[in-house]
Amino acid sequence: MMARARLAAALIPATAILSCLRTESWDPCVQVVPNISYQCMELNLYKIPDNIPISTKMLDLSLNYLRHLGSHNFSSFPELQVLDLSRCEIKIIEDDTFQGLDHLSTLILTGNPIQSLAWGAFSGLSSLQKLAAVETNLVSLNDFPIGHLKNLKELNVAHNFIHSFKLPEYFSNLPNLEHLDLSNNKIQNIYYEDVKVLHQMPLLSLSLDLSLNPLDFIEPGTFKEIKLNGLTLRSNFNSSHVMTTCIQGLAGLKTNRLVLGEFKNERKLQRFDRSFLEGLCNLTIEQFRIAYLDKFSGDDTDLFNCLANVSVISLLSISLGSLQALLKDFRWQHLEIINCDFDKFPALKLSSLKKFVFTDNKDISTFTEFQLPSLQYLDLKRNHLSFKGCCSHTDFGTTNLKHLDLSFNDVITLGSNFMGLEQLEHLDFQHSTLKQINAFSAFLSLRNLRYLDISYTNIRIVFHGIFTGLVSLQTLKMAGNSFQNNLLPDIFTELTNLTVLDLSKCQLEQVAQTAFHSLSSLQVLNMSHNKLLSLDTFLYEPLHSLRILDCSFNRIMASKEQELQNLPRSLTWLNLTQNAFACVCEHQSFLQWVKDQRQLLVGAEQMMCAEPLDMEDMPVLSFRNATCQLSKTIISVSVVTVLLVSVVGVLVYKFYFHLMLLAGCKKYGRGESTYDAFVIYSSQDEDWVRNELVKNLEEGVPPFQLCLHYRDFIPGVAIAANIIQEGFHKSRKVIVVVSQHFIQSRWCIFEYEIAQTWQFLSSRAGIIFIVLQKLEKSLLRQQVELYRLLSRNTYLEWEDSVLGRHVFWRRLRKALLAGKPQSPEGTADAETNPQEATTST
């Protein structure tokens with residue numbers, strides 16, 4: 001007891017000490033790239049772990065409790081390039097905290113409630129290019145000590161409490177600054193003095209984001225002669241009037257990109273006055289984007305006149321009736337219309353437009369022709385459009401088209417072979433429904449086409465000339481379609497320049513031997529998710545440039561040894577996972593080949609056996625060749641021995657009961673019978689046997705002794721032995737109660753067959769058939785011998801009526817009395833009372 005008390009006294013303080021240890025001692029950082037990148041996120045750290053190597057270049061310490069960063073806190077990591085200190089509850093950053101980090105390019109301080117930021121906090125960061133100080137309680141750029149960071153390119157101080165847009169003088173020392181994010185602060189007014197430094201020291205590469213600031217006023221002339229790379233103003237204005245006034249305050253600004261509008265989840269205005277766009281006439285803009293404007297007041301006439309000289313215009317999620325009023329002399333070269341509302345498809349007529357992206361738009365189902373003579377790039381995907389008689393130059397008003405994307409639309413009916421569109425290089429129909437593609441050589445004129453995608457277009461390919469004319473095609477994707485008879489025919493004859501072919505999910509079961517003979521340049525072939533049964537490498541022998549072959553998710557069992565030598569020598573990546581491999585000795589050479597080609601086979605460890613059952617779901621690599629090394633002589637002897645033993649066993653098993661009968665006949669042949677009859681019947685008919693047969697025969701006059709299995713079989717003896725020894729050997733006759741249940745019972749048929757043998761071996765002819773109910777001939781014919789016996793011999797048929805019973809019992813008693821030793825007493829009784837003997841129930 002004393003020893004236990006001392007042990008407990010020693011353990012209690014030790015447990016207390018362990019519970020107070022910091023978790024950094026127990027939870028090591030995740031090593032993303034050895035000696036280079038470490039993730040120590042959310043480990044409840046209170047200090048920087050000591051086990052981080054000095055060579056570390058990327059360190060993530062976010063979501064910890066570092067609270068106070070002292071001088072030279074990170075000097076142990078001189079190679080550090082990226083440091084993430086997001087949401088570490090940092091309140092104090094002292095002078096020289098990051099001293100020694102000469103290679104640091106990215107510093108993230110997001111989400112820290114900084115209360116004290118020393119003027120020398122960022123000293124030593126001579127290579128810093130990106131600084132994120134989002135949600136750091138910053139109230140003024142003047143208090144942010146970054147004037148010495150001459151290589152800084154990106155400064156993100158969004159989601160703070162900055163009220164003034166005044167850019168400090170130190171911005172003149174940041175000549176490389178490209179992006180300044182001041183979004184979601186408290187800026188309301190912008191004055192000329194605020195951007196004075198930009199007048200003095202222009203930052204031509206600077207993009208400025210002022211979104212989500214509650215702007216009320218921009219002093220006119222503030223941005224006059226200022227050049228910016230970009231300006232973003234989204235969800236800034238509480239009214240259309242304020243928006244119009246502020247845009248007018250931007251007069252004189254020259255910017256490469258201007259973004260106006262709102263955010264999807266930050267809507268402040270319900271309706272927009274189209275007059276705000278008039279203020280853009282005083283700006284010089286190269287690219288313009290407007291997003292999430294629900295309604296414009298007035299019509300669309302002259303809506304974009306102030307943007308006539310813009311090169312790139314993007315409309316995202318706005319409501320416009322149409323764009324019919326656009327003038328031909330607009331200088332737009334690139335137009336994007338994404339997720340907008342239109343009354344009908346815009347019939348554009350823009351002579352300078354080269355690129356048109358019109359995607360994910362609503363309430364438009366029918367394509368309308370337009371006139372865009374300079375158009376080279378057209379993207380119309382995801383609009384649920386239908387096309388009739390597609391496609392020719394008259395549909396798009398141009399003969400210069402090189403890129404056409406009609407994917408994810410509705411029904412596209414091919415009515416011409418792209419006449420006038422011979423310059424097409426990229427054509428995409430995926431996930432649209434193509435019709436009449438088997439009617440003619442639809443791509444005959446596209447000799448310059450490099451890329452074609454007809455995946456999941458509900459095509460059943462029948463026409464072998466479907467790809468005629470595509471002599472320059474390099475990429476062909478046709479996944480998710482089907483072929484006639486699930487056979488891939490020779491349809492690639494002219495595609496001699498093809499490098500990528502996707503035939504996945506095409507329900508292929510067979511491939512024609514000449515299907516790939518013309519594809520000597522093919523490098524990537526995807527045959528996955530089909531129904532191929534074998535890896536027929538002869539098919540791939542002509543593919544001299546093939547590097548990647550994917551045959552995963554098929555039903556491949558194996559490949560013949562001689563075929564494995566036909567795989568192209570250029571092959572470096574082969575995927576055979578998710579197939580039904582047969583891991584049997586018959587395919588030993590293939591299974592050994594799998595082991596030898598692990599470098600070639602991707603995911604070889606995931607290749608699983610499907611058969612035999614004892615190896616199901618086991619890795620193919622676990623198959624052992626030793627199990628297949630037995631000599632042919634041993635195998636032959638074993639097979640012969642097994643066959644002989646099997647034959648003898650079958651013969652003994654089949655005639656075992658017949659042999660028992662023969663031995664029993666010799667043993668009991670001269671003795672007296674114990675029973676008058678052994679009754680064979682189905683257990684389903686036991687009620688009739690007990691209530692009718694037993695009662696009338698055993699209780700009648702004269703009484704007959706029946707052998708019944710439930711009553712007379714000896715316990716502890718096998719059922720078959722009881723049937724032979726107690727049933728047949730000790731009975732004069734056998735009563736067979738034939739019914740539908742009897743015919744369907746294997747055990748009853750077995751007893752009946754033994755009864756036939758018993759009848760043959762014994763000198764008694766004593767099988768009495770009782771047909772309990774009318775039997776269907778089709779059912780009875782299933783037992784041929786029984787059917788023949790009933791057809792050729794007299795049998796008793798049970799009828800449940802007074803007259804029927806009388807006749808039935810009289811005939812049955814007569815049959816049982818035949819050959820029965822007569823006692824004078826029994827005979828007299830039978831003669832004295834015949835009525836009772838034949839009609840009792």
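Tutor: Let's begin with a term: pLDDT is the predictor's confidence in each residue, from 0 to 100. You need it here, since this is a predicted model.

Student: Thanks! What is the mean pLDDT of the chain, and what share of its residues reach 70 or more?

Tutor: The mean is 85, and 85% of the residues reach 70 or more.

Student: Where does pLDDT stay under 50?

Tutor: One such stretch is residues 1-26, for which the model has nine contacts beyond four places in sequence. Another is residues 824-841, with 19 contacts of that kind.

Student: And how many helices and strands does the chain have?

Tutor: The secondary structure comes to 16 helices and 46 strands. Of the 841 residues in the chain, 48% are buried.

Student: Now a sheet, please. How do strands pair in general?

Tutor: Strands of a sheet pair through backbone hydrogen bonds, either parallel or antiparallel. In this chain, three strands form an open sheet with parallel pairing, in the order β4-β6-β8. Its edge strands, β4 (68-69) and β8 (116-117), each pair on one side only.

Student: How many bridges link β4 and β6?

Tutor: Two bridges, in the parallel sense, join β4 to β6 (residues 92-93).

Definitions and conventions. Residues are numbered from 1 along each chain as its sequence is written. This is a predicted model: local features need pLDDT of at least 70, side-chain atom pairs count only at pLDDT 80 or more; totals for chains, interfaces and linings use all residues. Side-chain values use heavy atoms; hydrogens and water are left out. Contact means heavy atoms within 4.5 Å. Helices (H or I, at least four residues) and strands (E, at least two) are DSSP runs, numbered from the N terminus. Buried means under 20% relative accessible area, exposed over 50%, partly exposed in between (1.4 Å probe, protein chains only). Two strands pair if DSSP finds at least two bridges between them.
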